[in-house]
Amino acid sequence: MTTPSKVSAVAEITNDFKESTAAVLTEYRGLSVAQLKELRVALGQDTKFSVVKNTLSAIAAKEAGVDAFDGQLSGPTAIAFIKGDAVAAAKSLTDFAKANKQLVIKTGLFEGKALDSEGVAALAALESREFQLARVAGVLKAPASAAARIIDALRLKLEEEGGAPAPAAEEAAAAEEAAAEEAAAPAEAAEAATEEN
């Protein structure tokens, strides 16, 4: 018999599937409450690690159009619903599974494609999104800094050849001219006063 709580649970799991970029199905037999809490902390705020009922999860997966978990929902089951960086979450899961053999990674789903346990491990082995963005930023920044170095080298070459004065030399010349004008001002004033007399 269907109860309101089961309907609500199915709706929540269905929504989790739909909102996630990736999901990883695990079996957690033998893990303590403290270990599950440690895993949730390691996964971060963008991943929801939910202990689920197999029958309700099967219904929710079907409603969400997910077939990656067909035939895999057995035993004590928990699903990691990943809304953030799938690579980082997969790495956290695989690292935890290495340290805690009770956590078994069974299968996964990434951007609509089914992954077996080796596929999840391969996803975890990729570079994280932050690392990839940092690398792209470095590549984009490199031409600008190279252009700046080339322009500076041209400026120095022109200065050496006498084609353009250095900015420091220009500033020094302007300062000397201003000092000369200040020194001449009292003498000019005195000369003007003498002529008036």
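**Entry 1: the hairpin**

Two strands pair if DSSP finds at least two bridges between them. I start there, and I note that this is a predicted model.

I looked up strand E4, residues 104-110, and strand E5, residues 113-116. They pair in the antiparallel sense, over four bridges.

Then I checked the turn. Two residues sit between the strands of this E4 and E5 hairpin. Glu111 takes a positive phi there, near 50°.

I turned to charged pairs. Side chains of opposite charge can pair when their charged atoms come close. How many salt bridges does the count come to? The answer is six salt bridges.

I followed Lys48. It forms a salt bridge with Glu12, and the closest N and O atoms are 2.7 Å apart. This pair links distant parts of the chain, with Lys48 in strand E2 (residues 47-52) and Glu12 in helix H1 (residues 4-19). The two are 36 residues apart.

Lys48 also forms a salt bridge with Asp16, where the closest N and O atoms are 2.9 Å apart. Here too distant parts of the chain are linked, since Asp16 lies in helix H1 and Lys48 in strand E2.

Is Asp16 buried or exposed? Asp16 is buried, because its relative accessible area is 5% and the cut-off for buried is under 20%. Lys48, at 29% relative accessibility, counts as partly exposed. Glu12 counts as partly exposed at 43%.

**Entry 2: Glu19 and Lys83**

I looked up another pair. Glu19 forms a salt bridge with Lys83, and their closest N and O atoms are 3.0 Å apart.

Glu19 is partly exposed, with a relative accessible area of 44%. Lys83 is partly exposed as well, at 41% relative accessibility.

Last, I looked for shared partners. Salt bridges that share partners join Glu12, Asp16 and Lys48 into one network.

Conventions: Residues numbered from 1 in each chain as written. Predicted model: local features only at pLDDT ≥ 70, side-chain atom pairs only at ≥ 80, totals over all residues. Heavy atoms only, no water. Salt bridge = Lys/Arg side-chain N within 4 Å of Asp/Glu carboxyl O. Buried < 20%, exposed > 50% of the residue type's maximum accessible area, 1.4 Å probe, protein only.
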